[in-house]
Amino acid sequence: MPEGPISRVTGTVVPYVRDRVDTDRIIPARFLKETTFEAMAGYAFTDERTDEKGKHPFDQPQYAGAEILVAGSDFGVGSSREHAPHALMRTLGGIKAIVAESYGPIFWPNCVQNGIVVATADRRTINDLAAFVEANPSAEFTLDVRAQLLQHEGGVYTVSVDTAVRQSYLDGSWNTFGQLLENVDAVRAALAGLPPHY
Amino acid sequence: MSEGTLLDKVWERHRIGTLKNGQDQLAIDLHLIHEVTSPQAFAMLRERRLHVLAPDRTVATVDHIVPTVHPSLRPYLDNAAEKMMQALEQGVREFGIKFYSLDSGKQGIVHVIGPELGLTQPGMTIACGDSHTSTHGAFGSVAFGIGTTELAHVLATQSLAQSRPGVRRIEWNGELGPGVYAKDVILATIGELGINGGKGFAYEFAGTAIDGLGMEGRMTICNMTIEGGAKVGYVNPDQTTFDYVRGREFAPTGDQLGRALRYWKSVRSEPDAKYDDVRQFDSSRLAPQVTWGTNPGQVISIDDLIPRPEDFPDSQRAGVTKALAYIGLKGGERIVGTPIDWAFIGACTNSRISDLREAASFVAQGKYHVAKSVTALVVPGSQQVKAQAEMEGLDTIFKEAGFQWRDSGCSMCLGMNPDQVGEYQRCAASSNRNFEGRQGRNSRGHLMSPVMVAAAAVTGQITDARELM
């Protein structure tokens, strides 16, 4: 997991433009019996990779080192399992940024908490980007968080990162644990007057 | 932004301040944990040498991995499940957390035991490392699922960094017809608004149909809010809520109860509250709902035809084609008559006593028996639900009709314990997710109400239960 400010992510891209990919598909529940996130390495998309017999993007050699994932709409809907981003972080070159049309509501905060940059783009941009990557799998991209651009030598794609989340990547405040800990005295004081104390 | 809603009031009451990243620090009143998403959080605390800030506000149980046949027989044959169980047992011991173990008599699915024990109360903030935590919103609490890192945040700080959602009011007006239940209301809602239609919203459920439901029906509705893309779903607390909570083990008593009631009434949405969106639906003509695809929004009325890819806009056709291929059905045909292999009554959506009573009474009134081709499971949501059902003789009704009467747990909802649907087999299920592989590799699940599951079990096929009543 990265530490501190994240202003850019550089790496090759894996195109996986499928819609409504739920977290059960990213990591089927039977693998959640592992009690460490380290053990998630290698489980990402296990079942569909088996079904697709080597044709799944995550099994194609040209994407083996990819660090940026391009996905479709509603990526990561469903279960709250943080095992899903952890599986992605430990697959291919280690996924460090995702560009999708939209995300599941618990999945994307789980990504932010692990320093994975979550960006959105419209469908056309995503399709164009995927088509380019399929033709040029070794193209190296840089996702510039501040400028909200995904660039490679020959071109640039506009992406979007939620304003507050963007700021938190840039100043390092995406990791909220320390900030929450600073205020535990205030929390403790407030709890004395909160349910089930009436 | 909304103003004067329950969400606004409960949020403001629990807001500690604004964090550097712009989010609110929200105090969490009640934290529920289970075996699957907690071991890594305990490890995070150990790594940072932190303790649990308010151990009295975290309650643990075990539900996802427990077998529903001889659950107490240890060590488990599944070594990974045994290790996971031990990780929870070790964690609750080490950090001083109350644990409803299998021998407590009060173990069960985390979203069943919270309300049952009276831990869940109106106006609370409730978090749990499980997306169906929205269930507790039925009591007028703000309850949502969190990831494991956030779970560590709650353990160590009893608070979370959160952004306040907008509020969409969803009204269902009109009396529900016979054979139509809360499950049908929420499936139809998701069908109408989409699986990510609730993005950025909390859902406030209201209207005469919701007012008329008991607490367990309201829990079914709030349970599946997340399937519509909203992390939080709630119903404003009323007399039905107060009557349900009062007298339970952890419910306030005496002077506390008086003060609690005042607070509970004060958090209700104001009559002139402002919403970010309002949607209204007519429940008087609602038919039983059943899913045909691989997400809960792919749902139709039981008497409708399965949609064809060409019924959808261009951008969705490939997805619909894929869903139909996975589920093994053809567009344009009736879903009624689709043969099933498994029937599952259970899960945090529909495993409470009223669910079991309705299903048992359906079976008993027709003197039905489970079809030969079907394996049917009834899995009570908790040990207390099981005991209550047995006191009422519901177990006898089920067993004599050929259903298996199991011990409590998440069971066949998620393919994580021995109860799994075989490859390419079809299951009529009262649970909340029909995702690819959800109930086991290449399993085919159809979501519906418990009575509809019972009807499918006894006929061996997807059936309109109303015709058998």
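A:Phe45 is buried in this predicted model, with a relative accessible area of 0% (buried means under 20%, exposed over 50% and partly exposed in between, using a 1.4 Å probe and protein chains only). The residue sits in the loop between α1 (23–26) and α2 (46–51) of chain A; helices here are DSSP runs of H or I with at least four residues, strands are runs of E with at least two, and both are numbered from the N terminus. Phi of A:Phe45 is near 60°, a positive value in a residue other than glycine. A:Leu92 is not a glycine either, and its phi is positive too, at about 50°. This leucine belongs to the loop between α3 (83–89) and β4 (97–100) of chain A, and its 23% relative accessibility makes it partly exposed. Most residues other than glycine have a negative phi, and most peptide bonds are trans.

On the subject of peptide bonds, the one joining A:Pro195 and A:Pro196 is cis, with omega about 5°. A:Pro196 falls in the segment after α8 of chain A. Over in chain B, the bond from B:Arg74 to B:Pro75 is also cis, with omega near -10°, and B:Pro75 is part of the loop between β4 (58–61) and α3 (79–95) of that chain.

A few ground rules apply: residues are numbered from 1 along each chain as its sequence is written, while chains are lettered from A and ligands numbered from 1 in the order in which they are written. Because the model is predicted, local features need pLDDT of at least 70 and side-chain atom pairs count only at pLDDT 80 or more, whereas totals for chains, interfaces and linings use all residues; side-chain values use heavy atoms, leaving out hydrogens and water.

Back to helix α8 of chain A (residues 184–191): its buried residues are A:Val184, A:Val187 and A:Leu191. They span an arc of only 55° around the axis, which puts them on the same side of α8(A) (the arc being that of the directions from the helix axis to the C-beta atoms). Residues three or four places apart point the same way because an α-helix has 3.6 residues a turn. On the face turned away from the buried side are the exposed residues A:Asp185 and A:Ala189. The cover over the buried residues includes α7 (177–182) of chain A, along with β1 (15–18), β2 (24–27), α5 (148–157) and β8 (159–162) of chain B.

Elsewhere in chain A, strand β7 (residues 149–152) contains A:Gln151, which is partly exposed at 34% relative accessibility. Leaving aside residues up to four places away in sequence, A:Gln151 touches A:Glu140, A:Phe141, A:Thr142, A:Asp144 and A:Val156, where contact means heavy atoms within 4.5 Å. From A:Gln151 to A:Phe141 is 10 residues in sequence and 5.3 Å in space, C-alpha to C-alpha.

On a 1 Å grid over the protein atoms alone, a cavity is a set of points where a 1.4 Å probe fits but cannot get out, a pocket is an open set with protein on both sides within 12 Å along at least five of seven lines, and lining residues have an atom within 4 Å of a point. The largest pocket holds about 1100 Å³, a volume being the space filled by probe spheres set on the points, with grid points joined across faces, edges and corners. Its lining has 45 residues, with A:Arg20, B:Asn295, B:Gln298, B:Gln316 and B:Val320 nearest the centre. The biggest share of that lining, 8 residues, comes from α11(B). Domain 2 (166–237 + 265–282) and domain 3 (289–468) of chain B both contribute to the lining, so the largest pocket lies between them; these bounds come from an automatic or database domain assignment.

The second largest pocket has a volume of about 860 Å³. Of its 32 lining residues, A:Pro105, A:Trp108, A:Pro109, A:Asp162 and B:Ser163 are closest to the centre. Here α4(A) gives the most, with 4 residues.

The largest cavity takes up about 210 Å³, and among its 24 lining residues B:His64, B:Asp130, B:His132, B:Leu414 and B:Arg438 are closest to the centre. Domain 1 (6–162) and domain 3 (289–468) of chain B both give residues to this lining, so the largest cavity lies between them.
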